[in-house]
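Biologist: I would like a close look at a single part of this model. Please keep the account plain.

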Amino acid sequence: MMRANILKDVNKIGLEDRPIPKAGPGEAVMKVTLTTICGTDIHIMRGEYPVEHGQIIGHEPIGVIHEIGDGVTGYEKGERVAVNAITPCGQCEYCLSAHWAQCGGFLGGWKMGNTIDGCQADYVRIPNAMANLAKIPDELSDEDVLFTTDIFSTGLSGAESADIKVGDIVAVFGQGPIGLSAVAGAKLKGASLIIGVDTVPERMKMSKSMGADIVLDYKKTNPVDEIMDITNGRGVDVAIEAIGLQESFENCVKSTMVGGTISSLGVYPTELHNLGVPNQDFGFGLADKRIVSTLCPGGKERMRRLMDLVKNERVDLKQMITHRFSLDDIEEAYKLFSSQTDGVIKVAIQP
Ligand SMILES: [Zn+2]
Ligand SMILES: [Zn+2]
């Protein structure tokens, strides 16, 4: 048997004993050595995103290979691996059209802790193992690569989808884990100036550490006015939305220049017709502005690239770990992470 964090009811999660999963054909079972809690897990716990009650949640595993299913080659038991939240099959029409995250259809690449048991447990079963088990370079610790499993891949993809060009000015609204990762992504893509927007002091400080040049406190200043001042009235080339609120989405539209790109990473709780694209700021549809949205790219090749960025010190993700818990204390970890108190940015959970 193993310990596993179960979604029991709305606002009720907790550990239960469950059988250790078995690897079917093409699958593997991983012994989890480190994982974390995602903002999405909080939505799941609150009943804002539907996951079946009784399921194991969590989708960001680091660990070692415990069992290898029939037909899986190129791996050995005991190897250290990381698996992305998105586990594409690599064979369907969506995967073969390079829409890995949408494997099999909308949101279909997100399986762990969504449509199958997740990884906030001692062990987790990995589907399509050969497409998804990413070997961790020896010189990297579990903590070094923990955030390649979701938030860094997501944040960076916001910068990639926006097609940031060398010298672009980029604003990132929201400096939670995803926004901070988008700042790091904008820097990697060659932005000449990066403006972070938040109000929590620890996040504003971390924003600079992840690569922001200027961090605006939206409670002390109007971020759109400030951005217009900073850019001499021109606006930014790219604005990245990393919260999922109408106001920040509107601010992205308002603060982009003519021909600019709004890159949306937030998950929106309201209907899109309530999202309110400000007409004048959208140039009445004539401003050559572009709105793009992205779900976390996954699969082992994406993971290899992200881990190489960490290995060659292009980015330091570990600094976002502010709190550490054992799996036994996962309820306490959820309480802290969901309340966003004590300067928490991300928690690490050790089974
Ligand atoms: Zn996540
Ligand atoms: Zn697929």
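Biologist: Where does Lys-289 lie, and between which strands?

Modeller: This is a predicted model, in which local features need pLDDT of at least 70 and side-chain atom pairs count only at pLDDT 80 or more, while totals for chains, interfaces and linings use all residues. Residues are numbered from 1 along each chain as its sequence is written, and chains are lettered from A and ligands numbered from 1 in the order in which they are written.

Lys-289 sits in the loop between strand S12 (256-264) and strand S13 (290-293); strands (E, at least two residues) are DSSP runs, numbered from the N terminus. Lys-289 has 21 other C-beta atoms within 10 Å and is therefore buried. The cut-offs are 20 or more other C-beta atoms within 10 Å for buried, 12 or fewer for exposed, and partly exposed in between, with C-beta atoms placed from the backbone.

Leaving aside residues up to four places away in sequence, Lys-289 touches Thr-256, Gly-260, Ile-262, Phe-282 and Gly-283. Contact here means that the C-beta atoms of two residues, placed from the backbone, lie within 7 Å. From C-alpha to C-alpha, Val-258 is 6.3 Å from Lys-289 in space, although 31 residues separate them in sequence.

Ile-214 can be set beside this. Ile-214 belongs to strand S10 (residues 214-217) and counts as partly exposed because it has 15 C-beta neighbours inside 10 Å. With residues up to four places away in sequence again left out, Ile-214 touches Ile-195 and Ile-230. Ile-214 and Phe-249 are 35 residues apart in sequence, and their C-alpha atoms are 20 Å apart in space.

Technical notes. Helix = DSSP H or I, 4+ residues; strand = E, 2+ residues; numbered from the N terminus.
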